[in-house]
Amino acid sequence: VADVRPARPLVAIVDPEQRLIAVLVEERAAAALERVLGGYQLAFEQDAKSVRALENAFRTFRKIPGNSEETLSAWVQGSPSSYVARVARSAFYLSQGLEARGTDFAQDTPEKSIRAMRAYLEKASADLERSLGLSPKPYLSHRYLMTIALYAGSRGVTKSRYEEAAKLAPASAEPRLAYMISLEPRWGGSYREMEAFLAESRAALDPGAANRLAARIPAYRGFESNRAKDFRKAVEHFDEAIRLDDDADSLCQRAYTLAELKRFAEAFADVGRALSKVRDHRNCMRR
């Protein structure tokens with residue numbers, strides 16, 4: 001797939017587990033990658049509570065250089081029945097596709113960027129469909145297929161993939177948080193659907209996880225207020241979201257809003273808090 005955007009600058013990977021995986025990719029150490037990533041997958045198969053560690057490990061493939069495809073493909077070719085090899089390459093393709101698309105709204109995105117995204121997502125889908133038969137608990141396969149369906153505008157497929165992922169991690173907020181995104185108005189959903197899904201999910205989640213899900217609603221209201229340049233109202237929404245769950249994304253978004261209001265000391269404080277949670281958060285580093 002031809003590049004259509006300047007290569008994004010690499011940032012240092014500070015998470016120790018991700019750094020180890022990135023080094024193994026750089027060293028083309030397929031056997032070690034199989035052992036390390038297979039360990040995370042096995043831990044999840046034995047206890048679904050380890051889902052966040054599993055997702056964090058495979059998040060590495062969002063951060064490795066764009067020239068890593070050859071290494072990942074050699075691993076897949078050498079181990080065609082390896083679940084983790086297929087999912088690792090699909091995670092890489094998914095990341096490359098979303099990077100090619102950029103973050104603008106669809107109407108503001110060049111057609112060549114959309115075409116590049118689709119080409120990468122097709123390659124990711126092929127790996128993920130193949131991976132479904134390679135593990136008794138292909139949680140990540142369903143999670144990534146959810147994302148692909150979201151960008152393809154297939155809300156029915158997004159829901160069905162969510163349901164499969166949630167079966168494998170029923171007490172986890174992670175698949176529910178991903179599905180909540182698909183219910184945002186910008187993706188064709190509505191606040192009514194978001195509220196209903198939150199109410200439905202509370203019974204399955206502990207209070208902290210339920211608050212993480214609940215925070216997505218005021219966070220999205222803050223996003224919409226920012227788009228409308230109603231920055232004072234946006235701060236109120238982000239305040240509410242952060243009271244429920246002070247995650248790095250909401251802190252970074254509030255930092256942007258505070259900077260627009262020229263409340264720079266508070267904006268810097270939010271950036272500092274966010275980077276203390278996710279030290280290589282790209283948007284906060286820009287901020």
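Is R89 buried or exposed? A reminder before the answer: this is a predicted model. R89 sits in helix α5. Its relative accessibility is 12%, under the 20% cut-off, so R89 counts as buried.

What does R89 touch? Setting aside residues up to four places away in sequence, R89 touches L72, S73, V76 and D127. Now take E70. R89 and E70 are 19 residues apart in sequence. In space, their C-alpha atoms are 9.9 Å apart.

On to helix α7, residues 139-152. It has 14 residues. From first C-alpha to last it reaches 20 Å, close to the 20 Å expected. Twelve of the 14 residues are buried, so α7 is largely enclosed by the rest of the structure. The buried run includes Y139, H142, R143 and L150. What do the buried residues pack against? Six helices are listed here: α2, α3, α5, α6, α8 and α9. After α7 comes G153, with a positive phi near 75°.

Next, the cores. The largest nonpolar core has 43 residues. Those with the most contacts inside it are L37, F58, F61, W75, Y139, L140 and Y144. Elements giving two or more residues include α1, α4 and α7. α5 gives the most, with nine residues.

Look at Y139 again. Beyond its neighbours within four places in sequence, its contacts include F44, V51, L54, Y83, L168 and P175.

There is also a second, separate core, of 21 residues. M146, A173, M180 and L213 are among them.

How values were computed. Residues are numbered from 1 along each chain as its sequence is written. This is a predicted model: local features need pLDDT of at least 70, side-chain atom pairs count only at pLDDT 80 or more; totals for chains, interfaces and linings use all residues. Side-chain values use heavy atoms; hydrogens and water are left out. Helices (H or I, at least four residues) and strands (E, at least two) are DSSP runs, numbered from the N terminus. The expected span of a helix is 1.5 Å times one less than its number of residues. Buried means under 20% relative accessible area, exposed over 50%, partly exposed in between (1.4 Å probe, protein chains only). Contact means heavy atoms within 4.5 Å. A nonpolar core is a set of buried Ala, Val, Leu, Ile, Met, Phe, Trp, Tyr and Cys residues joined through side-chain atoms within 4.5 Å.
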